[in-house]
Structure formats: structure tokens, C-alpha cells
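Dear colleague,

Here is the structure I promised to pass on to you. My notes on what was found in it follow below.

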Amino acid sequence: DEDDTHLIVDKLRSTLEVNLIGTIDITERLLPFMANDGHIICTSSSAGSLSDMDDISNSRYPMHYPAYKISKCALNMYVRTLALRLEHEGTKLIVSAVHPGWVKTDMGGDEADIRPEEAANSIFDFALTRPVTGQFWFNGKKYPW
């Protein structure tokens, strides 16, 4: 089993394909069909926060999963750039990045804080709001980039 603290380029490529390229591809394909007042939500992670990396003592796994962290940080930049583009085009579409929390999944593990249903309900409730576009959110509050 490979050490999860080292950046492995092949793992980075496959992670970017799923977490970044796939999200961008489907979003761009669906944009023409979105209601002008819709809300696009990209599932990000606190692991993609550069601010959280400033205080590695506060990070759960400061050096672990570099490919995942890079992919989520890049996804956050896509959210910002898409929001700016859509504003410039005059749409009322909202674009948000959302950290779902530490979720009990295969990735999050049994020690995680919340069940998948709780994370999904929180994101669904957030999707119904009209927050400031191009921001990063957790539990309805702005999260640091």
C-alpha cells in the first residue's frame, strides 16, 4: 500500500479527472439548460481550503491525501471563476462550493461526525437559499478559502 502523504502523479491525474474535470464537464454541459435563477453546488471539502493549510496544527490530516486536497482546491477556483463569468454574462445563477462535513463513508470512516443523510439534507436545504455567488460554504456559513 502506497504512503498517503506523498504525491503520486497517476493518482493525482485520476483524482483530478473525477473531482475536477468530471464536475466541470457536466456543469458546462448543463449550463444551457439551467434556470436563470438556479443554484449550482459543487461538493468541495475543507481539505481544499488554503486557509486551513496555514494552520496545519488545526488540520485533521495536514500532510495526507495531497491529490485529493489539490483537486478540491482547484474545484474551489472553478466555482469562483464560473461565478464571475456568469455574473459578467448577466445571469442570476448562484454558484457555490460546499464542504459537507466529515461524513461517515468509506473515505470518512466510522469516526466521522455525521451520517451521509445529514450531509445530504444540509446541502439540499442550502441549495434552496440565495447566498452570495462564488463562495465556499459549510453549514450555511462562509468557509475560508
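How many residues does helix 3 have, and how far does helix 3 reach from its first C-alpha to its last? Helix 3 (residues 66-88) has 23 residues and reaches 33 Å, close to the 33 Å expected at 1.5 Å a residue, where the expected span is 1.5 Å times one less than the number of residues. Just after helix 3, glycine 90 takes a positive phi of about 85°.

Please keep in mind that this is a predicted model, in which local features need pLDDT of at least 70 and side-chain atom pairs count only at pLDDT 80 or more, while totals for chains, interfaces and linings use all residues. Residues are numbered from 1 along each chain as its sequence is written, and side-chain values use heavy atoms, with hydrogens and water left out.

The chain has 4 helices and 4 strands, arranged along the sequence as α-β-α-α-β-α-β-β; helices (H or I, at least four residues) and strands (E, at least two) are DSSP runs, numbered from the N terminus.

As for overall form, the C-alpha atoms fill a box of roughly 45 × 30 × 25 Å along the principal axes. Of the 145 residues, 34% count as buried, meaning under 20% relative accessible area with a 1.4 Å probe, protein chains only. Among contacts (heavy atoms within 4.5 Å) between residues at least 6 apart in sequence, 70% join residues at least 24 apart.

Best wishes

Notes
Buried < 20%, exposed > 50% of the residue type's maximum accessible area, 1.4 Å probe, protein only.
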